[in-house]
Amino acid sequence: ALELGHPKVRTFGIDPHKKASKFLLLLYALIYMGSRGITKFLIKLIVKKVAPRTLLKFAELAPLVIEIMINVLFNFVTVRYAMNEVIICALGPSATVEVTSQLVKAHRKSRDVDEPLSDRLKLL
């Protein structure tokens, strides 16, 4: 829809189709028009025929893959927690207190909170 076709009109005495083979132009047009159908056919073929056979061949590796994925998940959680702690240490206590106080002030303004806050938060 947004593509511009190649020029077909002679401009400045230059014929864009002078050395172009009519057969190749037709072939390229058919390939371009059929690319969506061909792609859908190949994906259906892979999903229905190839993928199940491949999964059945590697079924004995499933417990190992599951263990690896669980290990990856736990490593992600651990590293995420550690990085958050490192960020707090790098910023320092004063920056952490400042950010927390700004968050509390923004929360009070946005919700009109009437609930009692602890004495420690009131000091911020």
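Me: How much accessible surface does the chain have, and what share belongs to carbon and sulfur atoms?
Reply: The accessible surface comes to about 12200 Å², with 69% of that belonging to carbon and sulfur atoms. Keep in mind this is a predicted model.

Me: OK, secondary structure. How many helices and strands?
Reply: There are 4 helices and 0 strands. Going along the sequence, you read α-α-α-α.

Me: Let's take α2. How far does α2 reach from its first C-alpha to its last?
Reply: Helix α2 covers residues 62-91, 30 residues in total, and spans 43 Å. That's close to the 44 Å expected at 1.5 Å a residue.

Me: What follows α2?
Reply: Glycine 92, and its phi is positive, near 90°.

Me: Switching to the surface. Which residues make the nonpolar patch?
Reply: Phe58, Leu61, Leu64, Val65, Ile68, Met69 and Val72 make it, and the patch is about 650 Å².

Me: Where does valine 72 sit?
Reply: Valine 72 is in helix α2.

Me: Why does valine 72 count as partly exposed?
Reply: Because its relative accessibility is 46%, and partly exposed is the class between the under 20% of buried and the over 50% of exposed.

Me: Now charges. Which residues form the positive patch?
Reply: That one is formed by Arg36, Lys40, Lys44, Lys48, Lys49, Arg53 and Lys57.

Me: Which helix holds arginine 53?
Reply: Arginine 53 lies in helix α1, residues 22-57.

Key: Residues numbered from 1 in each chain as written. Predicted model: local features only at pLDDT ≥ 70, side-chain atom pairs only at ≥ 80, totals over all residues. Heavy atoms only, no water. Helix = DSSP H or I, 4+ residues; strand = E, 2+ residues; numbered from the N terminus. Expected span 1.5 Å × (residues − 1). Patch = residues over 30% accessible without salt bridge, like charges linked within 9 Å, V, L, I, M, F, W, Y side chains within 5 Å. Areas by Shrake-Rupley, 256 points an atom, 1.4 Å probe, with all protein chains shown as cover. Salt bridge = Lys/Arg side-chain N within 4 Å of Asp/Glu carboxyl O. Lys, Arg positive; Asp, Glu negative; His and termini not counted. Charge placed at Lys NZ, Arg CZ, Asp CG, Glu CD. Buried < 20%, exposed > 50% of the residue type's maximum accessible area, 1.4 Å probe, protein only.
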